[in-house]
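Subject: Handover of the structure

Hello,

Please find the structure below, handed over for your use. My notes on what was found in it follow.

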Amino acid sequence: VYLRQGDSSIKLNTEQVRSLEYEKRERNFESEVLKMSSTDDIDLEVMDIYKNKIGATEIPNEQVLKARGFLVEDNGKLCFTKAGMLLFGKNPSVYLPSARVRVLKFEGINFQVGTEMNIVKDRTFDKCLYKTLEEARDFINSQLREFTHLNQKGIFETVPEYPEFAWYEGLVNAVTHRDYSNTGEYITVKLFDDRLEILSPGKLSGFITLENMKTERYSRNPQIARVLTELGIVRELNEGVKRIYSEMQRFYLKEPIYSEPNYHSVLLVLDNNIIMRSKRKNETMLKNREIGQKWEQLNYQERQVLQAIYDKGEITSLEVAEIIDRGKTTAVKLLNRLVDYDLI
């Protein structure tokens, strides 16, 4: 089997052929039976959450799962389908090892190896999809920074590094629409100083392209998408990708970048604001007891200049004049006041 990729025709290996069969609906990955599984694999906590959402609290777990096609009989024994295991299994990775999300945090803007290895955090999440999304979201939130900046009213305002909807929706899309038949890959989230990357196994499915993904919707895994929608995680109205763009714009950040590296995965890159990133120095500045005690005595221009000095490390009177939009004489007087305060 050959498949056209860019300017070449690539001969597919066995796993790639199987993925293509799933893509063409000649095979149904979600409905395939895991013969070694049983009702002992049911995550009772998630089942309770799900039954409460769909108004089926009085119905036995097995009956709900059979009605939705997630439990099927095989030689007189109830077994999970692959979709059922991903959604309601206690340990899906036992049966589907690639069904996990790995979050890596790096120091710097590149991935270094060997003696310069710069991974500072490495966590893997491999429970059912609902818990994986919850736990990965909480962990990523704990690793992202907040930036403090001085607004026009002279008050310090704290904003997150990225809008939560943007990166979480990107993660939800990856978990919902990834190619689970690709047994050698898992979802990877990488946190760098200047960007966040989410890599999802499998190219864009169906008729979705990089050009139409904001306006069209197609689900590679419709059963998974339906349950995650019922759980309140996924929105099936095609608003997610569009809102990622609008949220990034609302935070004055660059547009998200989608790509298909090697034609076998989907990559989402969210850049943070490098200028805002430098505002981290404010946090250190305000921890200085001398500055903290005198901060309220400073006027807006004095705060602006002190902030600029901590951002740049040093400053000239001409640069101060530009910052406060006044003449050099006024700038020198302002600097002298800061000297008198023992702040510079």
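**Charged pairs**

R226 is partly exposed, at a relative accessible area of 44%. That value, like the others here, comes from a predicted model. The salt-bridge partner of R226 is E230, with 3.3 Å between the closest N and O atoms. E230 is likewise classed as partly exposed, its relative accessible area being 22%. Both residues belong to helix α8 (residues 222-230), where they are 4 residues apart, or about one turn of the helix.

The cut-offs matter here, because buried means under 20% and exposed means over 50%.

In the salt bridge between E197 and R195, the closest N and O atoms are 2.8 Å apart. E197 is buried at 16% relative accessible area, and R195 counts as buried at 15%.

**Aromatic rings**

There are 7 aromatic pairs in the structure. F207 and Y218 make one of these, with 5.5 Å from centre to centre and 65° between the planes, an edge-to-face arrangement. Both F207 and Y218 lie in the loop between β10 (195-201) and α8, so their pairing ties together parts that are 11 residues apart in sequence. The two residues are partly exposed: F207 has a relative accessible area of 47%, and Y218 has 24%. A separate item is the aromatic cluster formed by Y50, F70 and F88.

R243 has its charged end over the ring of F165, 3.9 Å from the ring centre. For R137, the charged end sits over the ring of Y168, and the distance to the centre is 5.6 Å.

What is the strand order in the open sheet of 6 strands? The order is β6-β5-β9-β10-β12-β11, and the pairing is mixed. The edges are formed by β6 (119-125) and β11 (257-259), each of which pairs on one side only. From one strand to the next, the twist averages 15°.

Helix α7 (residues 164-177) lies across β5 (101-106), β9 (187-191), β10, β11 and β12. Relative to β10, the helix runs at about 10°.

Regards

Note on methods:
Residues numbered from 1 in each chain as written. Predicted model: local features only at pLDDT ≥ 70, side-chain atom pairs only at ≥ 80, totals over all residues. Heavy atoms only, no water. Salt bridge = Lys/Arg side-chain N within 4 Å of Asp/Glu carboxyl O. Buried < 20%, exposed > 50% of the residue type's maximum accessible area, 1.4 Å probe, protein only. Helix = DSSP H or I, 4+ residues; strand = E, 2+ residues; numbered from the N terminus. Phe/Tyr/Trp six-rings, centres within 6.5 Å; stacked < 30°, edge-to-face > 60°. Lys NZ or Arg CZ within 6 Å of the ring centre and 35° of its normal. Pairing = 2+ DSSP bridges. Axes fitted to C-alpha atoms, helices over the stretch in contact; angles between N-to-C directions. Contact = heavy atoms within 4.5 Å.
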